[in-house]
There are 2 protein chains.
Amino acid sequence: VDTSIPLVTPSAAYPPPTPEELQALRRLGSEFRVQDGREALPVDPGKVSQRTMLPGARLGRFVRVGSTDRDVGEVEAVFDPAKTGTRSERWAGWLRRTAIGPPLNSTALQQERMSKKVALPVLSSDALSSVAYGPQAMLVVLVLAGTTGLDLALPIAAAIVVLILAVSISYRQTIRAYPHGGGSYIVASDNLGHVPGLAAAAGLMGDYILTVAVSVSSGVAAITSAIPSIAGAAVPIGVGVIALLLYGNLRGLRQAGRIFAIPTYAFIVTMIVLIVVGLIDAAGDGFVAHQPNIVATQGVTLLLVLRAFGSGATAMTGIEAISDGVPAFQPVEWRNARTTLTWMAGLLVTLFAGTTLLAHFHGTVPTSSETVLSQLGHSAFGTGPMYVVLQATTALILLLAANTAFNDFPRLLFFLARDGFAPKAFLRMGDRLAFSNGIVALAVVATVLYIAFDGNTDRLIPLYAVGVFLAFTLSQSAMVVRWWRLRERGWPHSMVANGGGAVLSAIVLLVEAGTKFTEGAWLVVVLVPALMGLAWLIRIHYRAVRRATALTSFEVPWPLRSESPSEAGSFAVVAIGRLDAAALKALAYAAELNQPVLAVHLVPDQAAEEHFLQAWRAFGEPVRLEILRSPYRALVAPLAQYLLGLHAEKADLVMTVVLPEIVPRTLWARPLHGRVISRLRRILSHEPNVVLTSVPFAV
Amino acid sequence: VDTSIPLVTPSAAYPPPTPEELQALRRLGSEFRVQDGREALPVDPGKVSQRTMLPGARLGRFVRVGSTDRDVGEVEAVFDPAKTGTRSERWAGWLRRTAIGPPLNSTALQQERMSKKVALPVLSSDALSSVAYGPQAMLVVLVLAGTTGLDLALPIAAAIVVLILAVSISYRQTIRAYPHGGGSYIVASDNLGHVPGLAAAAGLMGDYILTVAVSVSSGVAAITSAIPSIAGAAVPIGVGVIALLLYGNLRGLRQAGRIFAIPTYAFIVTMIVLIVVGLIDAAGDGFVAHQPNIVATQGVTLLLVLRAFGSGATAMTGIEAISDGVPAFQPVEWRNARTTLTWMAGLLVTLFAGTTLLAHFHGTVPTSSETVLSQLGHSAFGTGPMYVVLQATTALILLLAANTAFNDFPRLLFFLARDGFAPKAFLRMGDRLAFSNGIVALAVVATVLYIAFDGNTDRLIPLYAVGVFLAFTLSQSAMVVRWWRLRERGWPHSMVANGGGAVLSAIVLLVEAGTKFTEGAWLVVVLVPALMGLAWLIRIHYRAVRRATALTSFEVPWPLRSESPSEAGSFAVVAIGRLDAAALKALAYAAELNQPVLAVHLVPDQAAEEHFLQAWRAFGEPVRLEILRSPYRALVAPLAQYLLGLHAEKADLVMTVVLPEIVPRTLWARPLHGRVISRLRRILSHEPNVVLTSVPFAV
């Protein structure tokens, strides 16, 4: 699989034929009987009627099929704004269009190009919003060791700043090497192989799910800090926010620059004002830190320091976004992306360090009812309008960060599905050009997680960083391997940069997984290999399907290659229950197949047999009949067993099983008609030369 | 529907053809093309191979199909004791046979005839066991009015005794009139019509469900009264007992006389000993009642008296069992049944009156931890062996009573299904000749009810009697109508007897429904009409199906009557996704149908179209192709819409839609293959002249 160019396209499920396939098709086509009566088709396939409306149309998914004048042998499904149909169908169509919007043509899919000023807010909302929970997560751990613990905030923050800079420098190399976008899955698969690629993907999937859960919980906390009276409804509010994100993304909310720009720049400005005001206050106090008097519940241990470091490092989540999105930049893409990454890293370091510094001078202690940022805001701005702006922009940027995950998660699933690691359903774009299946999957999993953890940011954080740093480590290690292999211009410098990033990320990964294992990281440690195993199973299955359906080894079955069915010796079997109109229709159809026909009827006892024979004789016994007695009253097993045995007599002939099927028009009446036919169908469908024909009879 | 002779037979779903049907069949048969090539069948349907084993066989449901030498055109499904098959299949077969037993041949179904001595325990366990909860239910109400209230126990019990006698005399008439068995549903349907019949059936169904729940809860109470330490586990124990009953009845536990005789007679004897010993004790005290000193929480009101009466009347549940089971008696059936009914009524009156009398003299007050019967036992026998015997036989007879419901409920559903009021699935007998579907349904509903009411007898009782007395009232009213209509010998006497029973039952019904409405009877009052409505809907549906599939108005569709398909102008459409081996197989099959074939392929965009055309041209374009563009990426809707439009061009032609279908062998892989085919199938199956052919490709 060529993973170098990640093309997101509606035709990804329709790859071009390979040369081997074309060769096989030519060979098979030469043996295939070309239909001579091609002109005999009694209907004109190019001029289908436009009157009929689909009876089973639901929720306004109405599509009219119309002929286009362009070409012979080509019709087009036209979007029908539900002017036709019954009243309720028109209403459902209107409802769907109003809620989700009209369907978008595949041709509407085009990559928008962003200037650096637009790209910065679009691609960095995830990373910058981490400032809202990163420093707090660090302080939550340190406060356990009381005042002594809090004193360690500054050195730990310094280490994290170093980490941010190292990883950013590393990603600058990735951007140059993958101008078409270098997501961790693609980079790791490309250079290290599928297993590391899958590990990175599994880590990233966990990351995206947690981005939604953590951003939403943190955003809700920003709101409840400002309005404590609604704190009790935090979980329902968060679920509502996820539902809103789901809805917006199903509508196909584009990453429109303007939507992102205003809140992100507003957040940046507000944060800088906060830091400046806070530092001026601190200068007024002579830069003396307020020492809150807190009783330590545990001593300062290496474990505690590492845990605080790991928690604070969650501020780095989202830093990889720019390297994923290089193709979205204006040319020269990689150069602009690099510059933007540098800006972002600078801003992230500033905000992170500034926040930690303020918390230090102010002596902020995290509480369960108010976020650290809110406390700093109160101290700097009181309860004035600036405080409200701070909380509002914080909540907004966190919402945007969660939205980023709704863009990236389905896209990752798309790539996985393209490579056979995820169900093909994730290749499909909905009628708004969004990957609806992946969007719904993310919303469901994130909601479950959010509710399971009571919407508590501090409890979610331990799960967060493991997946992120797994993906960081793998993608940067992959870059090291790449530089070593390709030895492009300037490779030693780049390799050192990526190597540094990889080593630091690996250290953080071990710290995260080790120190927070019992607090929830075990879940990620268990789930990542489980997801990898599942992906691998899916791939094995799809590969088996590809092998089985491969044209290169396929031969048209013998009876289907001969000149006439009677020569070939195909035959048909009609399974009859009651001799009613549905059964006669099936019998008539089978008789028209120009094949020898056998009728089979199953009875539980003598009386039933006599009843049937009476009717059959009156009908004139038009085909041969076999009565199958089932004295133990089983239906499916003996019928299937008999048909399989019959087929086994001449297994190379094609046996067509004709089944009269009563189809209730209403859903509720289905259980009234048993499942004999569908169970029979399932068993027989595993035989290579059995064809199943339903003659439906709608009632 | 002839409901006079309730035949329970495996061939109930296979009724004999009516004269009209036979006439229609003769007419249709004369138009039907008799297949000339009857001898051309390339396989011998009478000599199927016995080697093949069903691959999908589950849980040992293996059935071999073998030819019998008896008749040409007849093979038999033989029970295969799983000597063949894979190791795991053999093991599953052994497990099933050991747990459920080997399947029983339909011929094994025969009515066992019972002597009066055997019939008494078999048919009266339900009624007699009611003594375990009836008197207690009455006292639970009376105790609310304190000592004054308890004084009313004797007069109320006397009224109930009168009621028992009147209803018994009434049922003596039913027995004579319905020697083939006169269940309330049959008697009411027969004489009053379907609506009252359904009301009786709905009431009885509630009765059977509550018999299970109340008998189990009361039986568990008998055990926990003796062994208070396990009282905490009462609900799980009760659920276990229901599971045991389910298991036993799925095995097809016959109503073997001996199994029932010992515990029932033991219970009768023990109860009589209890009453005698108790009365002797009371005589020693000079028949002075102990007056327990209880504070009344409410006054003695008419409502209270009526509620106590209604609760005590639950002791009558099960009294109709003998009239249902007349055909099971030795000849002369009705005479023996009548005598047995008289014995049972006598015993019921004795036990009920005796228990109430004892409770009166002993001053027993119901408590939540010990049953009234257990208190009386303790007082008469101390904690000695006789007490243990009393509790054990009480628990056992209650278990048997619950088991009775497991026999009657599925039989009632069978009759309802025979008349089209319930899903046909309830007509089917499992491989142990039991109505497995009805048995499972009863167990599920009873378990839900039991758990919902915490296994508390006193809370279940208010629901109990409404359904019973509804059925009593309707069946006895039906008898009055019957006597008036037929005027058989001695009809005035019988009519008076039934009339008296009906009036008294109706009064009790009103008392039950009125006084216990808020305590739970409302549930029955709501559910009975709901069940009746559902049954009626089911019947409407089945009648519509019968009308639609009726032969009398059926004409073989025109294209299926002509001499050759090319004349008729039938055509086939193959829906192709990828041009892989599965698609080619379907194309080859379609080409063999000797009909004009059209291939249809759906694409989301230009690139996908070009990819497909490349392959199609290499293949040599053997049939006409239509490319269907779906720029909004919907799959099912445009495909179905196009096919419907195509069909609409010539709606009287038969269009065969050939669908290549990838069938994964493993269950877990199914979601990996989408549901396009099955959704398409569902939409197209509503068209009268569309036939759906799957060409399965197992992977």
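In chain B, helix α23, which covers residues 636-649, and helix α24, which covers residues 676-684, have axes that come within 10 Å of each other and cross at roughly 35°. This is a predicted model, and the crossing in which α23(B) passes α24(B) is right-handed. On the side of α23(B), the contact is made by Val636(B), Leu639(B), Ala640(B), Leu643(B) and Leu644(B), while α24(B) brings Val676(B), Arg679(B), Leu680(B), Ile683(B) and Leu684(B) to it. Sorted by class, the residues of this contact are nine nonpolar and one charged, with no polar residue among them.

The largest nonpolar core has 139 residues, and the members that touch the most other members are Val216(B), Leu274(B), Leu416(B) and Phe469(B). Which residues does Leu274(B) touch, if those up to four places away in sequence are not counted? They are Leu358(B), Leu373(B), Leu376(B), Gly377(B), Ala380(B), Phe381(B) and Leu390(B).

If we take the contacts in chain A between residues at least 6 apart in sequence, 79% of them join residues that are at least 24 apart. One helix of this chain, α21(A), which runs over residues 581-591, is mostly covered, since 11 of its 11 residues are buried. Among these buried residues are Ala581(A), Leu584(A), Leu587(A) and Tyr589(A), and the charged residue Lys585(A) is also one of them.

How are the two chains related? In general, two copies of a chain are related by a rotation about an axis and a shift along it. Here, chain A can be laid on chain B with an RMSD of 0.1 Å by a turn of 180° and a shift of 0.0 Å along the axis, and that is the relation of a two-fold axis. In chain A, the C-alpha nearest this axis belongs to Thr693(A), and it is 2.0 Å away from the axis. The same surface serves both copies, as 100% of the contact residues of chain A recur in chain B.

The backbone also has some places that deserve a careful look. As background, most residues other than glycine have a negative phi, and most peptide bonds are trans. In chain A, however, the peptide bond from Pro331(A) to Val332(A) is cis, with omega near -5°, and Val332(A) is found in the loop between α12 (321-324) and α13 (333-362) of that chain. In chain B, the bond from Pro331(B) to Val332(B) is cis as well, with omega near -5°, and Val332(B) lies in the loop between α12 and α13 of chain B.

Two residues of chain B have a positive phi although neither is a glycine. For Asp454(B), phi is near 60°, and this residue lies in the loop between α16 (436-452) and α17 (457-486), where it is exposed with a relative accessible area of 52%. For Arg487(B), phi is about 50°, and its place is in the loop between α17 and α18 (491-515). Is Arg487(B) buried or partly exposed? Its relative accessible area is 41%, so Arg487(B) counts as partly exposed.

How values were computed:
Residues numbered from 1 in each chain as written. Chains lettered and ligands numbered in written order. Predicted model: local features only at pLDDT ≥ 70, side-chain atom pairs only at ≥ 80, totals over all residues. Heavy atoms only, no water. Core = buried A, V, L, I, M, F, W, Y, C linked by side-chain atoms within 4.5 Å. Buried < 20%, exposed > 50% of the residue type's maximum accessible area, 1.4 Å probe, protein only. Contact = heavy atoms within 4.5 Å. Axes fitted to C-alpha atoms, helices over the stretch in contact; angles between N-to-C directions. Helix = DSSP H or I, 4+ residues; strand = E, 2+ residues; numbered from the N terminus. Left-handed = near helix turned anticlockwise from the far one by under 90°. Least-squares fit on C-alpha atoms with pLDDT ≥ 70 in both.
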